[in-house]
Amino acid sequence: MTKHFSALPARGLRGAAALAATALALTLTACSSSDGERTGTTSGSGTALSHIHGLGVRGDTLYVATHQGVHTPDAAGRPTPVGDRRDDFMGFTIAPDGTFLASGHPAPGTGGPADLGLVASTDAGLTWRTRSLAGKVDFHALDTASDATVYGYDSANGLLRVSADGVTWDDRAALRALDIAVSPAAPGTVLATTETGVVRSTDGGRTFVPASDRVVAYVDWASPDALFAVDPDGVLYRGSGGGTGWTRVSSVPGGAPQALTVVDAGRLLVATQDGVYESRDAGRTFTRRVTVTSGNAEH
């Protein structure tokens with residue numbers, strides 16, 4: 001039977017853990033209610049970013065998915081728009097083959113269905129094509145497995161959807177989550193962050209069981225030894241035991257997190273309230289790559 005993780009009270013959590021669960025619950029609520037809000041400006045180089053929903057790295061280039069399209073920092077760290085599309089990319093990931101995958105809503109005035117479904121770019125965000133589910137789904141979290149399986153969290157319906165090719169989808173477990181991460185070594189193993197802790201599936205997202213009562217907001221798993229998560233207060237943790245154990249590493253600068261991506265065991269990036277920060281020493285220290293305006297980090 002598929003387990004349904006919903007808005008459960010954080011019984012048994014105490015102190016900081018209870019506060020973190022409350023913060024994540026508020027973020028989960030906002031995640032399903034704030035679609036269509038758009039802030040910041042998009043006036044070319046030097047764009048002010050305030051809502052970030054995804055980070056990705058291709059080569060040494062950083063890509064930032066926002067309410068106003070994808071941006072990349074210039075030599076001075078100023079976010080510069082990539083391509084011409086200014087869609088509200090709520091979900092974003094870069095597949096192992098370099099393909100950009102995204103979801104969300106079209107930019108105002110561009111027409112088309114309110115939900116993008118899954119869109120893809122094979123030229124690093126310069127152009128995009130619809131792959132599937134246009135007008136049907138807005139994925140707020142996307143990840144890909146080593147065998148190219150695509151996992152998408154449909155926040156509006158509280159449902160994990162899985163596709164072998166990004167075109168035909170299977171509906172899997174119902175759960176209330178903020179982020180997902182697929183094991184780099186086992187394509188059928190996926191973690192999800194919920195307000196009661198981290199849950200794990202080992203059957204391709206069909207069923208989930210509790211893995212840890214550690215409440216975190218964002219999680220990413222780049223290699224077997226590179227599992228990291230950040231909690232609603234910006235505390236970074238390194239995972240072990242497939243998500244069953246979490247060790248505190250540091251506090252990321254800049255306040256509440258907005259997104260996390262892990263490149264390898266030593267390199268990771270976190271978007272917070274005032275910047276996108278990069279670490280090259282497994283999260284012990286961070287350097288700001290992009291300045292972010294103080295804004296609402298909620299999805």
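**Strands and cores in a predicted model**

Strand 10 and strand 11 form a hairpin with 4 residues between them, and in that turn Gly158 has a positive phi of about 60°. Strands here are DSSP runs of E, at least two residues long, numbered from the N terminus.

A word on the source. This is a predicted model, where local features need pLDDT of at least 70 and side-chain atom pairs count only at pLDDT 80 or more, while totals for chains, interfaces and linings use all residues. Residues are numbered from 1 along each chain as its sequence is written, and side-chain values use heavy atoms, with hydrogens and water left out.

Strand 10, residues 150-154, pairs with strand 11 in the antiparallel sense over 5 bridges; two strands count as paired if DSSP finds at least two bridges between them. Tyr153 has Leu160 of strand 11 as its bridge partner.

Strand 11 also pairs with strand 12, residues 169-174, antiparallel and over 4 bridges.

Why is strand 11 largely enclosed by the rest of the structure? Because 5 of the 5 residues of the strand, 159-163, are buried. Buried means under 20% relative accessible area, with exposed over 50% and partly exposed in between, using a 1.4 Å probe and protein chains only. In a regular strand, side chains alternate between the two faces of the sheet. In strand 11, Leu159, Arg161 and Ser163 are buried on one side, and Leu160 and Val162 are buried on the other.

Ala192 has Val199 in strand 15 as its bridge partner.

Last, the cores. A nonpolar core is a set of buried Ala, Val, Leu, Ile, Met, Phe, Trp, Tyr and Cys residues joined through side-chain atoms within 4.5 Å. Which residues touch the most other members of the largest one? Of its 16 residues, they are Phe228, Val252, Leu260, Leu268 and Phe286. Strand 18 (227-230), strand 21 (257-262) and strand 22 (268-272) each give two or more residues to this core. Another core, of 15 residues, lies apart from it and includes Tyr153, Ala173, Leu175 and Val199.
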